[in-house]
Amino acid sequence: MTTVLPDVSGLPADPALITLIYHHEHPVVPDDFEETREVWTVHARIDADSLAAEAQAYCDVDRDALEEFKDVPVGRMSFVRVRMFGPDHPWHAMDEYTGDLAHIGLAVLDRDSGEWAPEFEEALANPVGDLLVMDRVVLEPAWRGFGLGPVLAGTAIRRLSDGCVASVCQPAPADGRKLSKTGRREAEVKLAETWSRIGFIPFRNDTYFLDCHLKRTQDLLAERQSDLEALSHAWRTHPHA
């Protein structure tokens, strides 16, 4: 299927230079739910050194100009890994974190036993492993509208989902914008369509899941990576002022 590329004239920089930086910290002596709930923050950015090297490759840049390059923030994501075989009740660990995670937990877990809800277990290719919640994905305003969300999120999921049966999310605006009820619903529909491009499908209670064991999941991520490569090529061949 041919992907129609957006207008690349507004791209701040070559998207192929984006790097993902993963951050997770925890106390040596586990605190409440630390053994069951693992929180990751992922920053997407382009390093100043990468920008400087790119500039040198295409034009003559003096040393003083190279020192003016700064890191370019692209976006940030947060994920929560819920360990199904940890010492704590998984839904309690989710409920103690945020209401959003509790809502997702009620969709995919049996609240009493802490095991998979029967309908969710039946929907999974291999229901043995942990759960990865895609909690937040927020792009900087300058980077929106270029289809980068799915490839960034999908790449992060691939890195963080080893040993997980699925990644789950609740498509909803996460950038703090105040929206009307209608505007919020439109945003939710658009986000659901966005995340479907890496394999998320609806389950129940506005919760969507991506089965980590399906080949289709890997195939869709490969397609999104090809989209990013095409976007990068279009940016590099586009005349810049």
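A residue is termed buried when its relative accessible area is under 20%, exposed when over 50%, and partly exposed in between (1.4 Å probe, protein chains only). By this criterion Phe-203 is partly exposed, with a relative accessible area of 22%, whereas Phe-120 is buried at 0%. The structure is a predicted model, in which local features need pLDDT of at least 70 and side-chain atom pairs count only at pLDDT 80 or more, while totals for chains, interfaces and linings use all residues. Residues are numbered from 1 along each chain as its sequence is written, and side-chain values use heavy atoms, with hydrogens and water left out.

The protein chain has 8 helices and 7 strands, taken as DSSP runs numbered from the N terminus (helices: H or I, at least four residues; strands: E, at least two). Buried residues make up 42% of its 241 residues.

Helix H7 comprises 16 residues, 181–196.

The structure holds 4 aromatic pairs. Phe-120 and Phe-203 form an edge-to-face pair, 5.3 Å centre to centre with 65° between the planes. Phe-120 lies in helix H5 (residues 118–123) and Phe-203 in strand S6 (residues 201–204), 83 residues apart. Rings of Phe, Tyr and Trp (its six-membered ring) pair if their centres lie within 6.5 Å; planes under 30 degrees apart count as stacked, over 60 as edge-to-face and the rest as tilted. Trp-116, Phe-120, Phe-203 and Phe-209 form one aromatic cluster.

Notes: The expected span of a helix is 1.5 Å times one less than its number of residues.
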